[in-house]
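Colleague: I have not looked at this one before. Can you walk me through the model?

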Amino acid sequence: QVQLVESGGGLVQAGGSLRLSCAASGRTFSYYTMGWFRQAPGKEREFVASIRRSDPSTYYADSVKGRFTISSDNAKNTVYLQMNSLKPEDTAIYYCAVRSAAWRNEYDYWGQGTQVTVSS
């Protein structure tokens, strides 16, 4: 079983920055891809960014490209999301997720989420 714990959320003014962390634990943790998703009130959950363990290739939603950076520290089993130039529309609960193997077509482990609120 894999446990994911997000941290680093909070309240920030527009134009500010936050750094989210996602610490993974489990008996023999490994992953194919780790990602960040977000869900704003009244909206569906959406993809934000992901990083592949092997390359590490990174992918971003168009809405965050150039502002957000995903990175990983495999020795610590931790993935980060550096968020700069935050906008009110970035307000959401941010979730960390793991796709544990390449053959899986979806993310199979999810964290509880951390709230990010951007004030105008």
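Modeller: A term to begin with: buried means under 20% relative accessible area, exposed means over 50%, and partly exposed is in between, using a 1.4 Å probe and protein chains only. By that rule, 41% of the 120 residues of the protein count as buried. This is a predicted model, where local features need pLDDT of at least 70 and side-chain atom pairs count only at pLDDT 80 or more, while totals for chains, interfaces and linings use all residues. Residues are numbered from 1 along each chain as its sequence is written, and side-chain values use heavy atoms, with hydrogens and water left out.

Colleague: OK. How many helices and strands does the protein have?

Modeller: There are 0 helices and 11 strands. These are DSSP runs numbered from the N terminus, with helices being H or I of at least four residues and strands E of at least two. From the N terminus on, the order is β-β-β-β-β-β-β-β-β-β-β.

Colleague: What does the C-alpha trace span along its principal axes?

Modeller: It spans about 45 × 25 × 25 Å. The radius of gyration is 14 Å, which agrees with the value near 14 Å that a compact globule of 120 residues would have. That radius is taken over C-alpha atoms, and the globule rule is 2.2 Å times the number of residues to the power 0.38.

Colleague: And what is in the largest nonpolar core?

Modeller: The core has 29 residues, and those with the most contacts inside it are Met-34, Trp-36, Leu-81, Met-83 and Tyr-94. Elements that give two or more residues to this core include strand 1, strand 4 (33–39), strand 8 (78–83) and strand 9 (92–99). A nonpolar core here is a set of buried Ala, Val, Leu, Ile, Met, Phe, Trp, Tyr and Cys residues joined through side-chain atoms within 4.5 Å.

Colleague: What about contacts between residues at least 6 apart in sequence?

Modeller: Of those, 53% join residues at least 24 apart. Contact means heavy atoms within 4.5 Å.

Colleague: Let's pick some residues. Where is Val-5, and is it buried or exposed?

Modeller: Val-5 lies in strand 1 (residues 2–7). Val-5 counts as exposed because its relative accessible area is 53%. Leaving aside neighbours within four places in sequence, Val-5 is in contact with Ser-21, Cys-22 and Ala-23.

Colleague: Next one, Gly-10. What does Gly-10 touch?

Modeller: Not counting residues up to four places away in sequence, Gly-10 touches Leu-18, Gln-115, Val-116 and Thr-117. Gly-10 is in strand 2 (residues 10–13), and its relative accessible area of 25% makes it partly exposed.

Colleague: Where is Arg-45?

Modeller: Arg-45 sits in the loop between strand 4 and strand 5. At 44% relative accessibility, Arg-45 is partly exposed. With residues up to four places away in sequence left out, Arg-45 touches Phe-37, Arg-38, Gln-39, Tyr-95 and Trp-110. From Arg-45 to Ala-92 the C-alpha distance is 9.3 Å, and the two are 47 residues apart in sequence.

Colleague: And Tyr-59, which residues is Tyr-59 in contact with?

Modeller: Leaving aside neighbours within four places in sequence, they are Phe-47, Val-48, Ala-49, Ser-50 and Arg-52. Tyr-59 is in strand 6 and is partly exposed, at 42% relative accessibility. Tyr-59 and Ile-70 are 11 residues apart in sequence and 8.5 Å apart, C-alpha to C-alpha.

Colleague: Which peptide bond is cis here?

Modeller: The one from Asp-55 to Pro-56 is cis, with omega near -5 degrees. Pro-56 lies in the loop between strand 5 and strand 6 (58–60).

Colleague: And what about phi at Asn-77 and Ser-85?

Modeller: Asn-77 is not a glycine, yet has a positive phi of about 50 degrees. Asn-77 is in the loop between strand 7 and strand 8 and is partly exposed, with a relative accessible area of 22%. Ser-85, also not a glycine, has a positive phi of about 50 degrees. Ser-85 is found in the loop between strand 8 and strand 9, and counts as partly exposed at 41% relative accessibility.
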